[in-house]
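Colleague: Thanks for making time today. Could you walk me through the packing in this one, starting from the inside?

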Amino acid sequence: MSQATTTEASPPAAEPSPRLANAASLLAADGRPEVVYLAAECLHLWNLNVKEETFSIELLVHTRWVVDPKDADKTMEDSGGDLNEHWEPDWMPRIKIHNTTSELTGREHEFEAERDEVGLVWITGKTWLSVSISEDYQLQSFPFDQQSLKVEIELPNAVHIEPMP
């Protein structure tokens, strides 16, 4: 009696997409994302104080960055994939607002991890914060002046910052 064995041919290994193959170029040497995309929305502006040259602002700061591919599966598993107010990624950009005189409320964060069409995992973050900012007012024609109010946002632990597409 003879025994027959069958073997199945494995499909050829898929070539990695050029973007996924170059994922290392999306990361700095220390593993941080090379680029963090940033957008900010002014939700509320109040308490413009001409005498003290201050104003208060509520901001919604949007950030987006790629995850190191070696951490991608763990990130997807940990995050649950949806906007999750209870999950924080292992790395996230620190948000610093210049000329802040006080932070009026605690910061609230939400993060979402999603895998794109080539397999990269991106984290999208939303941070709500309210601060008072000091700025030199240019008041030459008071009370008919027009005043620009500048909000400068820095991500001190980001390598590069680009506007969110």
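Colleague: Which residues touch the most other members of the largest nonpolar core?

Modeller: Bear in mind that this is a predicted model. The largest nonpolar core holds 22 residues, and β1 (35–49), β2, β5 and β6 are the elements that give two or more residues to it. Those that touch the most other members are Ile57, Val61, Ile97, Ile123, Val131, Ile133 and Leu155.

Colleague: Leaving aside neighbours within four places in sequence, what is Val131 in contact with?

Modeller: Happy to list them. Val131 is among the core residues that touch the most other members. With neighbours within four places in sequence left aside, its contacts are Phe55, Ser56, Ile57, Ile97, Thr100, Ser102, Glu103 and Leu104.

Colleague: How many residues are in the second, separate core?

Modeller: Leu27, Val35, Leu120 and Trp122 are included in that second core.

Colleague: Now the aromatics, please. Are the rings of Trp65 and Trp91 stacked or edge-to-face?

Modeller: The whole structure has 4 aromatic pairs. In this one, the ring centres of Trp65 and Trp91 are 5.6 Å apart. Planes over 60 degrees apart count as edge-to-face, and these two planes are at 80°, so the pair is edge-to-face.

Colleague: Where in the chain do Trp65 and Trp91 sit, and how many residues apart are they?

Modeller: Trp65 is in strand β2 (residues 54–66), while Trp91 is in the loop between α2 (72–79) and β3 (96–97). The pair thus links distant parts of the chain, with a separation of 26 residues.

Colleague: And the rings of Trp87 and Phe111: at what angle are their planes?

Modeller: This pair links the loop between α2 and β3, where Trp87 lies, to strand β5 (residues 108–115), which holds Phe111. The ring centres are 6.4 Å apart and the pair is edge-to-face, because the planes are at 90°.

Colleague: Is Phe111 buried or exposed?

Modeller: The cut-off for buried is under 20% relative accessible area. Phe111 has 3% relative accessibility, so by that cut-off Phe111 counts as buried.

Colleague: Finally, the surface: which residues make the nonpolar patch of about 270 Å²?

Modeller: One of them, Phe142, is in the loop between β6 (121–134) and β7 (153–154). At 58% relative accessibility, Phe142 counts as exposed. The patch is made by Val50, Leu139 and Phe142.

Key
Residues numbered from 1 in each chain as written. Predicted model: local features only at pLDDT ≥ 70, side-chain atom pairs only at ≥ 80, totals over all residues. Heavy atoms only, no water. Phe/Tyr/Trp six-rings, centres within 6.5 Å; stacked < 30°, edge-to-face > 60°. Helix = DSSP H or I, 4+ residues; strand = E, 2+ residues; numbered from the N terminus. Buried < 20%, exposed > 50% of the residue type's maximum accessible area, 1.4 Å probe, protein only. Patch = residues over 30% accessible without salt bridge, like charges linked within 9 Å, V, L, I, M, F, W, Y side chains within 5 Å. Areas by Shrake-Rupley, 256 points an atom, 1.4 Å probe, with all protein chains shown as cover. Salt bridge = Lys/Arg side-chain N within 4 Å of Asp/Glu carboxyl O. Core = buried A, V, L, I, M, F, W, Y, C linked by side-chain atoms within 4.5 Å. Contact = heavy atoms within 4.5 Å.
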